[in-house]
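Q: Please take a close look at the aromatic rings of this model and at how they pair.

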Amino acid sequence: MMERKREMGIAHFVRRIKQPRGIWVKMSFVVVLGLCFVFFWSFLSSSASSFNVQRESFDDIAEPVSARTKSAHEVSESSKLHERGKAESALKSKEGKQVGGSVHKHETKKKKEHAVSHPHKKKDMPKPVVEEVGVKEDKEHGDAESDDSESTKDDGDEGTESDGSEGESDGIGDGNADDSTASVDEEVEEKNEEVTVNEISKKRKRKGPVFDPKAEYSWRLCNTRSKHNYMPCIDNDGLIGRLQSYRHRERSCPKKPVMCLVPLPHDGYDPPVSWPESKSKIVYKNVAHPKLAAYIKKHNWVNDSGEYLTFPQNQTAFNGNVLQYLEFIQEMVPDIEWGKNVRIVLDIGCSESSFVAALLDKDVLTVSLGLKDDLVDLAQVALERGFPTLVSSLASRRLPFPSGVFDAIHCAACGIHWHSHGGKVLLEMNRILRPNGYFILSSNNDKIEDDEAMTALTASVCWNILAHKTEEASEMGVRIYQKPESNDIYELRRKKNPPLCKDNENPDAAWYVPMKTCLHEIPSAIEQHGAEWPEEWPKRLETYPEWLTSKEKAIEDTNHWNAMVNKSYLTGLGIDWLHIRNVMDMTAIYGGFAASLVKQNVWVMNVVPVHSPDTLPFIYERGLLGIYHDWCESFGTYPRSYDLLHADHLFSRLKNRCKQPASIVVEMDRLTRPGGWVVVRDKVEILEPLEEILRSLHWEIRMTYAQDKEGMLCAQKTLWRP
C-alpha cells in the first residue's frame with residue numbers, strides 16, 4: 001500500500017513538471033541542488049593545506065614572463081631559475097653579507113618543500129632598458145635600485161596569496177623544515193649555471209601604465225569580522241576563521257587585492273592628541289575595542305576618564321617604577337648605557353608601553369612587537385600614543401628584520417615558552433640580536449621546569465648570563481644574557497646542538513622564510529655587517545661602516561634629504577609638523593629621509609621593499625628602525641596608524657609587480673589617520689592618475705608640482721567614508 005502511494009506521488013510530481021508552470025519547479029530544484037554543492041565544496045576545499053596556494057617569496061617571478069609564453073615554459077624555466085639561484089646563493093654567502101649593492105635573498109616554500117634561497121645578483125642581470133619599462137631612476141638615488149625593482153608579477157600571481165581560511169600554521173615551526181631544505185640544497189649542481197641572461201631577457205615585455213587610465217572607481221566599506229580594526233593579512237575573515245580562530249597564526253593575505261575601505265570606529269573618530277601629550281592620554285573612542293573596557297578595570301597603568309584613556313607617568317603593569325626598573329638593569333650591567341651603547345631595542349609583547357616611553361627619554365628607539373593573538377589590541381593603543389609598533393607573530397616564520405641588528409631584546413612577562421619546539425623562537429632572537437647584544441628577560445612566576453629548560457637552551461647557544469637578580473620594588477626576577485662576539489665558543493660545545501647553519505643559509509632572508517633550528521655563524525670579516533659594534537649614539541647616525549659597498553651614494557642620499565626636508569618638507573608643503581608623530585618612509589634606501597627628521601618630534605618606520613637592494617642593515621647601523629615588506633600586500637599594522645606616509649618613486653619601482661596597483665592606494669588610505677598626509681614623488685605619468693584616485697577617495701589635494709617629467713603630490717585624508 002505504501003509503495004503504491006509513493007509511486008502515485010512520483011507520477012504526480014512528473015506530471016506537474018511537464019505542465020507549463022512546471023519550469024519553475026525545475027529551476028528551483030536545480031538552484032537548491034547547486035547551492036548545496038557549492039557549500040560543501042567550499043567547506044572541504046578551505047581546509048586544504050595552505051601551501052598549495054601561497055608562495056613564501058616573490059623571488060621566482062623576478063623576471064616577467066608574458067602570458068603567451070608562460071604556459072609553454074613555466075615548469076622548465078622556473079625550475080632552472082630556482083636551481084641557478086641556489087648556486088648563486090652558495091657563492092654569495094662565501095663573500096660575506098655585503099649591503100648596498102645586493103638584492104634581498106628570500107626563500108620559497110611550495111607545498112611541503114621548503115625551497116631554496118633565490119638571490120638576484122645585480123652583476124648577473126641585464127642592464128635596465130628605460131624604453132621597455134618606462135622607469136627612470138631619479139638622480140639622488142642613482143642606481144641604488146637593482147634591475148629587480150622593475151620585475152613583474154604575471155598571471156601566476158594568484159598563487160601568491162591565500163584567502164581568509166588558508167595560510168594557517170600548526171604552531172611554532174615545522175619539524176621537517178630544515179631537513180627538507182637541506183635535501184633541496186644538496187641537489188644543486190654546476191650544470192644549473194647554463195641558464196643565461198639572454199634567456200631571461202627575452203621574456204621581458206613592455207607592460208601598460210601602472211594605473212589604468214580608463215578605470216573608474218566605486219568604493220565600498222569592508223564587511224569583515226574585525227570591522228574598523230581590519231588588518232587584511234592578519235585577520236582571519238574566511239569561513240573557517242568565523243568558526244575557529246579570530247586571527248591567523250601566520251601572515252596570510254586575501255587571494256584578491258583588497259579594494260574596500262576600512263570603516264571608522266562606531267562612535268566616530270576625533271583628531272588624535274598631539275605629541276608629547278599623547279604619552280599620557282589618548283582619545284578613547286579612537287581605539288575602542290569590546291574587550292578593552294574589561295581589561296582597563298584589571299590594570300592600574302591605564303585609566304578610563306571618559307573621553308580619554310590616561311596613563312600615569314612611570315606606572316607599569318607590575319609593581320614599582322619603570323625608571324627604577326631601567327636603572328636596576330643598568331646597575332646590573334653598566335655596559336648597557338641606555339641611549340649611548342644601546343640605541344635600538346625590540347620589546348616583545350607590547351603590553352603597557354611604559355618601558356618604551358621611559359627609554360624614549362633616554363634616546364633609545366624601541367619598537368614593540370604586538371603579537372597577533374592579543375584580542376585587546378594593545379598594539380593599537382601604543383600606536384595611538386605615538387610609539388613605534390608592529391603587529392606580527394612568533395610562530396614558525398622569521399620576523400621581517402635582518403640578522404644582527406638589535407642592540408637589545410626585552411621581554412617582561414610576555415608569556416613565551418622560549419624552550420618549546422626545539423627553541424626555534426629563541427634561535428630567531430639569536431638571529432636578529434647583534435653579536436655582544438643583550439637579551440633581557442623579566443618574570444615573577446618562573447616554574448622550575450621552565451627555568452631549567454631555559455638554562456639548558458641558552459647554554460646550548462652559548463649565551464653568557466651576565467646577571468640574575470630580583471628587583472625589590474617590582475618583585476620581578478631579571479636575567480640579562482649576552483650573545484657571543486665570535487664563533488670560537490661554538491666549537492667548544494660538547495654537543496653541537498643546535499648545529500651551525502650551512503654556508504648557503506642566508507641569515508638576512510626574512511620575508512616568508514621559516515625559522516631555522518640552527519646557529520648562524522657570527523660575522524668576523526670587515527666586509528660583513530655585524531662584525532663590530534656601532535659607534536655610540538648620536539655619532540652612529542653619520543657613520544658609514546667599512547662593509548657598506550656604496551658609501552658615496554649613502555652620503556649623497558643623506559645630503560639630498562637634509563636639503564629637501566629643511567627647504568621644502570618642513571616649510572613648503574603646508575604640513576603642521578606639531579601634529580605629526582608616526583611617519584613611514586615606504587621606499588627607504590639608506591634612511592636619509594628618516595635621518596633628516598631625527599631632530600623633529602617624530603619616529604620613522606623605514607620600509608625596504610623586498611624587491612629592492614638590501615640596505616636595511618645599514619639603516620639599523622645608523623640607529624634607525626626599519627622592516628622588510630612587499631607592497632603588493634597589506635602592511636602589518638592597524639588602520640589609522642600613521643600621520644604621514646612618504647613614497648619616493650614607490651609606484652614606478654613597483655611597476656607591474658602587483659596585480660592591482662590601485663590596491664596600494666587603498667592600503668595607504670587604511671594606514672593613514674583622518675587628517676594625515678601622503679607625500680608622493682614620482683613620474684608625472686604616474687602622479688596624474690594617482691591624483692584622480694585620491695580625489696575619488698575624497699582626499700584633499702594640497703599641492704602638486706611637476707618639472708621635467710618628474711613631480712610631487714601632497715594630499716590630506718578626510719573623514720569621508722562611502
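Are phenylalanine 401 and phenylalanine 406 buried or exposed?

A: Both phenylalanine 401 and phenylalanine 406 are buried, where buried means under 20% relative accessible area, exposed means over 50% and partly exposed lies in between, computed with a 1.4 Å probe on protein chains only. The model is predicted, so that local features need pLDDT of at least 70 and side-chain atom pairs count only at pLDDT 80 or more, while totals for chains, interfaces and linings use all residues. Residues are numbered from 1 along each chain as its sequence is written, and side-chain values use heavy atoms, with hydrogens and water left out.

Rings of Phe, Tyr and Trp (for Trp, its six-membered ring) pair if their centres lie within 6.5 Å, and planes under 30 degrees apart count as stacked, over 60 as edge-to-face and the rest as tilted. By this rule the count comes to 22 aromatic pairs. Tryptophan 301 and phenylalanine 311 are stacked, because their ring centres are 6.0 Å apart and their planes stand at 20°. Tryptophan 301 counts as buried at 3% relative accessibility, and phenylalanine 311 likewise counts as buried, at 5%. Phenylalanine 401 and phenylalanine 406, in turn, form an edge-to-face pair, with 5.1 Å from centre to centre and 85° between the planes. Elsewhere, ring pairs link Trp418, Phe439, Trp463 and Tyr481 into a cluster.

Charges also sit over rings, a term that requires NZ of Lys or CZ of Arg within 6 Å of the ring centre and within 35 degrees of the ring normal. Arginine 385 lies over the face of phenylalanine 311, at 3.8 Å from the ring centre, and arginine 581 lies over that of tryptophan 275, at 3.5 Å from the ring centre.
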